[in-house]
Amino acid sequence: MTINPDLQGRSYPAAEVYDVGREKIREFARAVKATHPAHFDVDAATALGHRDLVAPPTFAIIIAQRADAQLIEDPDAGIDFSRVVHADQRFTHHRPIFAGDRLVAELHVDGVRAMGGGAMITTRSEIFALGDGDAREQVTTTTSSILVRGEGQ
Amino acid sequence: MSPSITDLAAGQEIGSRTVEVTRTDLVKYAGASGDFNPIHWNEAFATGVELPGVIAHGMFTMGSAVQLVTDWAGDPAAVVDFQTRFTKPVLVTDTTGTAEPGATIEVSGTIGKLDAEAGTARVDLTVTAAGQKVLMKAQAVVKLS
């Protein structure tokens with residue numbers, strides 16, 4: 001299986017909406033062993049000036065990996081998921097993610113680089129919150145590189 | 001109480017944290033994140049793809065390490081940027097049914113850089129397991145009051 005070099009520059013438009021729920025924020029926070037009350041207690045979050053529970057700094061990975069799945073599962077991409085290793089990850093928050101947000105992600109393939117028999121693929125998800133009508137607000141940019149190991153790597 | 005930029009200096013330590021990890025924790029993280037790759041919960045699958053055993057999600061390690069910064073900052077929303085490279089896997093042994101952790105992750109943080117104009121501090125995290133650095137260039141940028 002070889003990686004399609006034409007992937008670079010490809011984009012996948014925002015697909016399904018992700019509704020951020022309070023219980024999901026609490027569940028994710030517990031799963032990363034976070035204890036800050038702003039993840040769990042609405043009063044604690046509002047006391048800090050927030051409109052609702054605040055998601056942990058890496059919560060956006062849920063939305064980013066759903067967007068990445070469009071690429072990984074694209075038969076035209078040539079990616080064998082069992083040979084994928086996560087190489088790096090970055091989150092840039094333009095504003096925090098709050099419970100009640102309705103989020104969509106646009107996926108961009110920023111780089112494809114052959115490495116031995118495999119490839120390093122860099123993707124970027126631009127995550128937006130939907131507002132009234134056509135309004136949308138930039139929330140988080142995530143970038144991630146995955147190494148697709150070639151044979152013997 | 002959030003830290004004030006005027007009280008900080010590059011090189012200053014912000015503290016440390018120990019994260020104990022079990023196989024149950026990895027199942028919980030899989031469910032919470034939606035990442036069900038079997039290398040994080042199935043021994044036979046993991047060894048079948050030439051891993052030494054079940055390994056933690058890199059995103060579990062990244063996500064648990066940043067709690068040190070969140071708690072120091074006093075507000076999770078203060079973390080405006082967070083990045084890392086994943087260098088070594090965290091091997092989690094099966095200790096199900098005992099009180100023992102399957103792995104222990106050690107996290108410590110120092111102030112890497114201050115940006116007075118932007119009002120931010122970069123916290124550099126050192127994250128190790130079994131004596132090896134598992135994250136590299138783990139850097140969180142914190143907006144200070």
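## Exercise 1: Strands across the interface

Task: which residue of E2(B) is the bridge partner of A:Arg90?

Solution. In this predicted model, A:Arg90 has B:Gln83 as its bridge partner in E2(B). Now step back to the strands: E3(A) and strand E2 of chain B, residues 79-86, are joined by five bridges and run antiparallel.

## Exercise 2: The side of chain A that touches chain B

Task: find how many residues of each chain are in contact with the other, and which element of chain A gives the most to the side that touches chain B.

Solution. Start with the count: 28 residues of chain A are in contact with 29 residues of chain B. Next, look for the elements behind the chain A side: helix H1 (22-31), helix H3 (61-72) and strand E3 (84-93) each supply at least two residues. E3(A) gives the most, with eight residues. Finally, sort the chain A residues by type: 14 are nonpolar, 10 are polar and four are charged.

## Exercise 3: One side of a helix

Task: list the buried residues of H1(A), and work out why they are on the same side of the helix.

Solution. The buried residues are A:Ile25, A:Phe28, A:Ala29 and A:Ala31. Around the axis they cover an arc of only 160 degrees, so they sit on the same side of H1(A).

## Exercise 4: Buried or exposed?

Task: decide whether A:Thr140 counts as buried or exposed.

Solution. First locate the residue: A:Thr140 is in strand E6 of chain A, residues 136-148. The cut-off for buried is 20 or more other C-beta atoms within 10 Å. A:Thr140 has 24 C-beta neighbours inside 10 Å, so this residue counts as buried. Beyond its neighbours within four places in sequence, its contacts include A:Ala60, A:Phe91, A:His94 and A:Ile127. Take A:His94: this residue is 46 residues from A:Thr140 in sequence, yet their C-alpha atoms are 5.5 Å apart in space.

## Exercise 5: Chain B as a whole

Task: what pattern of helices and strands does chain B follow along the sequence?

Solution. Chain B has four helices and six strands. Read along the sequence, they give β-α-α-α-α-β-β-β-β-β. Of the 145 residues of chain B, 40% count as buried.

How values were computed
Residues are numbered from 1 along each chain as its sequence is written. Chains are lettered from A and ligands numbered from 1 in the order in which they are written. This is a predicted model: local features need pLDDT of at least 70, side-chain atom pairs count only at pLDDT 80 or more; totals for chains, interfaces and linings use all residues. A residue is buried if 20 or more other C-beta atoms lie within 10 Å of its own, exposed if 12 or fewer, and partly exposed in between; C-beta atoms are placed from the backbone. Two residues are in contact if their C-beta atoms, placed from the backbone, lie within 7 Å. Ala, Val, Leu, Ile, Met, Phe, Trp, Tyr, Cys and Pro count as nonpolar, Asp, Glu, Lys and Arg as charged, and the others, Gly among them, as polar. Two strands pair if DSSP finds at least two bridges between them. The arc is that of the directions from the helix axis to the C-beta atoms.
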